[in-house]
Amino acid sequence: MYIGSFLKALFTPRKIWCSIYFLLNLVIVFFIFAAPGLMAEAEVGHWVGMGFIGVAVSMFFTFVSLSPLGEAYVRFKERVKQLPRNEQTAWIYEMFDEVHAAAREVNAKISEKVKLYYKETEEINAYAVGHRTVIVTHGILRFSPEQIKGVLAHEFGHISGGDSDLDLGINVSNTILMLFTVAVSAVVSLFAWILSMAFESLSAKAACVAVGGVIISALSIVYYLWIKIGKLMINAASRNDEYAADAFSVNCGYGEGLYSALSVLDPSKMRSSFFSLLSSTHPDTVSRLEKIRERINAAAAPDKEAA
């Protein structure tokens, strides 16, 4: 399931830039692991094999991140707890079960094992993790039942689209790049220090240390810029994912509730600037509301014609 969902996300058109960045990351990981063989002028089969081991390591940890084990780690880090089913929570579970059933009617591949988790914060938020986790905050429970249903359907839309899959894959490969950057910086620093010991003059010693510092700084800058580029691509894909999750909520029949919830969250009519959008994971609310209304009207049109 997880491999299939990941591959589906990888080849989803709206995630194209995110997919390109992920694949380029894998190429970099390949050459990081192949580098020792290349520098030693080993046979092609040897260094190519080492490169593919690096890719396999990256993919292994990616799929672990996508698994229930990975979701459990995120829940632990987020300090959320599963909402118990009892008389006090019956009202929220009635809505959750209703939306879950509606979401599975739209996409039968959504797991039956999706569970509802709770975060004790007044922040108004809800989010999905992986394929079996939906988290709501205490703050969002102040919404009306229809608004909550709309938000829940939106989160099931993220699960349906496997929207966290590529992000996790990129985070894993970026972690490998970070470890490589730290390791190379440590080796360069050590080599510069050892080389400086071979000279007696202070100027020569200082030159060795300075050259080492320049190399480390250049490597750090390249790593920083590469991560920033990845962040921009992830944000672009994330904004497209939000539109897709909104559409899923409408398809489930909860578009009006989502429209109302977003209107409460951001009552302003201001559009986001281009530069503010670059650093945002969400589109501006005005654009989202317009598209939701268009989809609601389009979905209602056949019913009007039939009447």
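Entry 1: I note here that the model is predicted. F52 came next; at 53% relative accessibility, F52 counts as exposed. I then counted the aromatic pairs, and the structure holds nine. F30 and F52 make one of them, edge-to-face, with 5.2 Å from centre to centre and 75° between the planes. F30 sits in helix α2 (residues 16–39) and F52 in helix α3 (residues 44–66), so this pair ties together parts that are 22 residues apart in sequence. I also wrote down one aromatic cluster, formed by F30, F31, W47 and F52.

Entry 2: I checked F96 and F156 for burial. F96 is buried, at a relative accessible area of 2%, and F156 is buried too, at 0%. Their rings form a tilted aromatic pair: the centres are 5.6 Å apart and the planes make 40°. F96 belongs to helix α5 (residues 90–106) and F156 to helix α6 (residues 145–161), so the pair ties together parts that are 60 residues apart in sequence.

**Entry 3: charges over rings.** Which ring lies under the charged end of K291? I found the ring of Y243, with the charged end 5.5 Å from its centre. For R293, the ring is that of Y259, and the charged end sits over it at 4.5 Å from the centre.

**Entry 4: the sheet.** I traced four strands that form an open sheet in the order β1-β2-β4-β3, with mixed pairing. Which strands are at the edges? They are β1 and β3 (126–129), each of which pairs on one side only. Strand β3 is joined to β4 (residues 133–137) by four bridges, and the two run antiparallel. Y127 stands opposite I135 in β4. I then looked for helices on the sheet. Helix α4 packs on it, touching β2 (115–119), β3 and β4, and its direction makes about 145° with that of β3. Helix α6 lies across β2, β3 and β4 and runs at about 25° to β3.

**Entry 5: a backbone angle.** Most residues other than glycine have a negative phi. Phi of R79 is near 60°, a positive value in a residue other than glycine. I located R79 in the loop between α4 (68–78) and β1 (81–82). Is R79 buried or exposed? R79 is exposed, with a relative accessible area of 73%.

Conventions
Residues are numbered from 1 along each chain as its sequence is written. This is a predicted model: local features need pLDDT of at least 70, side-chain atom pairs count only at pLDDT 80 or more; totals for chains, interfaces and linings use all residues. Side-chain values use heavy atoms; hydrogens and water are left out. Rings of Phe, Tyr and Trp (its six-membered ring) pair if their centres lie within 6.5 Å; planes under 30 degrees apart count as stacked, over 60 as edge-to-face and the rest as tilted. Buried means under 20% relative accessible area, exposed over 50%, partly exposed in between (1.4 Å probe, protein chains only). A charge sits over a ring if NZ of Lys or CZ of Arg is within 6 Å of the ring centre and within 35 degrees of the ring normal. Two strands pair if DSSP finds at least two bridges between them. Contact means heavy atoms within 4.5 Å. Axes are lines fitted to C-alpha atoms, for helices over the stretch in contact, and angles run from 0 to 180 degrees between N-to-C directions.
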